[in-house]
Amino acid sequence: MAALPLNTFWGLTVGQEGARLPPIPHGHALYLTHACLDLKASTDSTSLSLRTGPSPAVVVCTLRPEVENIPLNLCFTDGPQVRLCAVGPNIIHLSGYYHRVDVEADPTPSLMPTFGTMDDDSSEDDDFDPDNYDDQSESVSPPPHSLPC
């Protein structure tokens with residue numbers, strides 16, 4: 001895929017059958033910024049679920065007539081295939097933009113915000129070692145049903 005301008009609009013309609021994010025060009029990131037219900041939405045709620053690669057699906061947001069749109073701040077780069085599904089009776093419209101990142105300056109750009117400073121001595125996480133983190137230590141209830149994505 002050819003290089004895109006600095007910022008390029010992106011949109012996708014997601015129904016119960018699901019949809020895949022398009023391939024993300026090298027040197028770009030795809031920012032997903034809004035989700036909204038279709039104009040013909042029923043009164044029932046519909047959730048947007050997302051799955052990357054073989055990981056289980058997770059719910060990103062739930063929309064209903066009282067909350068018909070929601071801002072998002074999701075960033076995707078070239079990596080595992082991403083699949084989105086609308087769980088419920090309504091169609092969800094997604095919008096966002098492609099943003100060019102300078103891969104020459106930093107081949108693995110950090111797209112996550114940083115908080116605080118390295119000089120802050122009050123941090124309790126100084127001894128945190130991500131290689132020894134056991135994310136199974138907390139009990140997590142399984143979802144009441146599996147998501148279709």
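Modeller: Happy to! Let's start with N90, which is buried, as its relative accessible area is 5%; here buried means under 20% relative accessible area, exposed over 50% and partly exposed in between, with a 1.4 Å probe and protein chains only. A word on the basis: this is a predicted model, where local features need pLDDT of at least 70 and side-chain atom pairs count only at pLDDT 80 or more, while totals for chains, interfaces and linings use all residues. Residues are numbered from 1 along each chain as its sequence is written, and side-chain values use heavy atoms, leaving out hydrogens and water.

N90 sits in the loop that links β7 (82-87) and β8; strands are DSSP runs of E with at least two residues, numbered from the N terminus. Its side chain reaches two partners: the backbone nitrogen of S42 at 2.7 Å, and the side chain of T46 in a polar contact of 3.0 Å. A polar contact is a pair of N or O atoms within 3.5 Å; within protein, one must be able to donate a hydrogen and the other to accept it, and residues adjacent in sequence count only if both atoms are side-chain atoms. Leaving aside neighbours within four places in sequence, N90 is in contact (heavy atoms within 4.5 Å) with V14, L37, A41, S42, D44, S45 and T46.

One of those contacts, T46, takes us to strand β4 (residues 46-52), which runs antiparallel to β5 and is joined to it by 5 bridges. Within β5, T62 is the bridge partner of S47. Two strands pair if DSSP finds at least two bridges between them, and the open sheet of 4 strands here has the order β2-β7-β4-β5 with antiparallel pairing. Its edge strands, β2 (19-20) and β5, each pair on one side only.

Beyond β5 comes the loop between β5 (58-63) and β6 (69-76), where E66 lies. E66 counts as exposed, at 63% relative accessibility. From E66 to S45 the C-alpha distance is 9.4 Å, although the two are 21 residues apart in sequence.

The ring centres of Y31 and Y97 are 5.1 Å apart and their planes stand at 15°, so the pair is stacked. For Phe, Tyr and Trp (its six-membered ring), rings pair if their centres lie within 6.5 Å; planes under 30 degrees apart count as stacked, over 60 as edge-to-face and the rest as tilted. Since Y31 lies in strand β3 (residues 28-37) and Y97 in strand β8 (residues 92-100), the pair ties together parts that are 66 residues apart in sequence. Y31 is buried at 14% relative accessible area, whereas Y97 is partly exposed at 31%.
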